[in-house]
Amino acid sequence: MEQPQKTSKKWILHTLVFLIIFGLLFVWVSYLFRPATMDRKNLVGFYAEPENSLDVILIGGSSTYVYWAPYQAWHDYGFTSYDFSASSMSPALLKPLMQEAKKTQSPKLYVIDLRAFDVREEHPDFYSEEYLRNITDSMKYGVNRMQMVNSVYGYEQPALQYDPASYLDLILYHSRWQELNKDSFTYASHNVTEPNKGFLFVDWAFHAPFEKHDYSDVTDVLPLSEQTDQILHELLSYCRENDLPVLFTLNPYYQDSPTTKARYNYIEGVVNSYRYDFLDANEYYDEMDLDFSTDFYHRDHVNLYGAEKYTRFLGNYLKEHYALEDRRSDPAYQSWNEGYPGWVERCNAQKQRIDQAIADYRAAQSKGE
């Protein structure tokens, strides 16, 4: 007759095995049912990068992934980089994304775009549940994601901060089984290489010309609201406490008021107080040769022509101010050389679309349409 103690141990072992299998299955099914969005593609692609292979990690919203071209930087300067970014990113997500990046990478530099701080000030209700989920529901389950959800929902959607569906997204997505497709199964693995290293070729090619506003001479200082200021200090404190190499940036875009510049004068002062540099690219339009008649697809975003100019400008800055190694002849990084011709093909195709859009616009203007 089996001893009660042995039976109890066997029951505990079987229970543990069951719970482990159930947990693994639950996580995989959760990943499977998540929407296969453009932003998820970028974030999942980051997980597929070989460990400790990235020299520079850029984090921010759409003002990152349409501005910085990693393959162009590789070709011109020889360092590896990735746009670990997604659209409409709350500033409260910047720190947890840095924490997530640290799990697999030890970059020589983080480049953090701070445009989201002004967005939050101008539009306090901008960061909806949909925008937050766009990012949190693209991340792997883990302690960091749980803390990320708690933090960002606490700032942006407090009514949902303790909603179980905010943490276990299968509760929300379980009925999507009819929408499952090949991409759903592909992204469920979290091991899908992103061919553009997080850069996005947008469907829109060209924005009708608009007037350039230069507020670089504005010296006024406009403090942030209490919550947004707290988010900024939390981000900077984390960077300083962990002695992380970081450059904070503001990418170039159309600004229609000196208020934004005054706000970033304040942000620059706070960033500098933590002994970090802040690079406002809106003060360098001429140095970039940025053309407001051809280089944008939206007032807030450059097209590929603008991205090439910005990447060249920032790439030169990084090579001048940071010790980034040229790896182009390193056999361990030859996959970057192999991926570059495909990048050039995609760029050429995009430029044809942009050129055609500009030609169509100019033809319509000449006809008085």
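Let's start with Arg-176. Arg-176 is buried, at a relative accessible area of 13%. Buried here means under 20% relative accessible area, exposed means over 50%, and partly exposed is in between, using a 1.4 Å probe and protein chains only. Arg-176 makes a salt bridge with Glu-179, and their closest N and O atoms are 3.3 Å apart. The rule for a salt bridge is a side-chain nitrogen of Lys or Arg within 4 Å of a carboxyl oxygen of Asp or Glu. Glu-179, at 48% relative accessibility, counts as partly exposed.

A word on what you are looking at. This is a predicted model, where local features need pLDDT of at least 70, side-chain atom pairs count only at pLDDT 80 or more, and totals for chains, interfaces and linings use all residues. Residues are numbered from 1 along each chain as its sequence is written, and side-chain values use heavy atoms, with hydrogens and water left out.

Back to charges. How many salt bridges does the rule give? The count comes to 22. Take Arg-327 and Asp-55, whose side chains meet at 2.8 Å, N to O. This pair links distant parts of the chain, 272 residues apart. Arg-327 sits in the loop between H15 and H16, and Asp-55 in the loop between helix H2 (38–48) and strand E1 (56–60). Helices (H or I, at least four residues) and strands (E, at least two) are DSSP runs, numbered from the N terminus. Are Arg-327 and Asp-55 buried or exposed? Both are buried.

Next pair: Arg-263 and Asp-118, a salt bridge at 2.6 Å, N to O. Arg-263 belongs to helix H13 (residues 258–273) and Asp-118 to helix H6 (residues 115–122), so this bridge ties together parts 145 residues apart in sequence. Arg-263 is buried at 8% relative accessible area. Asp-118 is buried too, at 7%.

Now the sheet. Five strands form an open sheet, in the order E2-E1-E3-E4-E5, and the pairing is parallel. Two strands pair if DSSP finds at least two bridges between them. In general, strands of a sheet pair through backbone hydrogen bonds, either parallel or antiparallel. Which strands stand at the edges? E2 and strand E5 (277–280) do, each with a single partner strand, so one side of each has no neighbour in the sheet. From one strand to the next, the twist averages 20 degrees.

Look at strand E3 (residues 109–113) and strand E4 (residues 246–250). They run parallel and are joined by four bridges. Ile-112 has Phe-248 in E4 as its bridge partner.

Helices lie across these strands. Helix H5 (residues 94–102) lies across E1, E2, E3 and E4, at about 155 degrees to E3. H15 lies across E1, E3, E4 and E5, at about 150 degrees to E4. Axes are lines fitted to C-alpha atoms, for helices over the stretch in contact, and angles run from 0 to 180 degrees between N-to-C directions. Contact means heavy atoms within 4.5 Å.

On to the nonpolar core. That is a set of buried Ala, Val, Leu, Ile, Met, Phe, Trp, Tyr and Cys residues joined through side-chain atoms within 4.5 Å. The largest core has 98 residues, and Leu-114, Phe-248 and Leu-318 touch the most other members. H15 gives the largest share of this core, seven residues. What does Leu-114 contact, leaving aside neighbours within four places in sequence? Its contacts include Leu-94, Leu-235, Phe-248, Tyr-264, Ile-267 and Phe-278. There is also a second, separate core of six residues, with Tyr-31, Leu-32, Leu-170 and Tyr-173 among them.

Cysteines, quickly. The disulfide count is zero, by a rule asking for a pair of cysteine sulfur atoms within 2.5 Å. Cys-239 is buried, at 0% relative accessible area. Cys-347 is buried as well, at 5%.

Last stop, helix H4 (residues 70–77). It is mostly covered, with six of its eight residues buried. Which ones? Pro-70, Tyr-71, Gln-72, Ala-73, Trp-74 and Tyr-77. Their cover includes strand E2 (81–85), helix H15 (304–321) and helix H16 (334–366). Just after H4, Gly-78 takes a positive phi of about 85 degrees.
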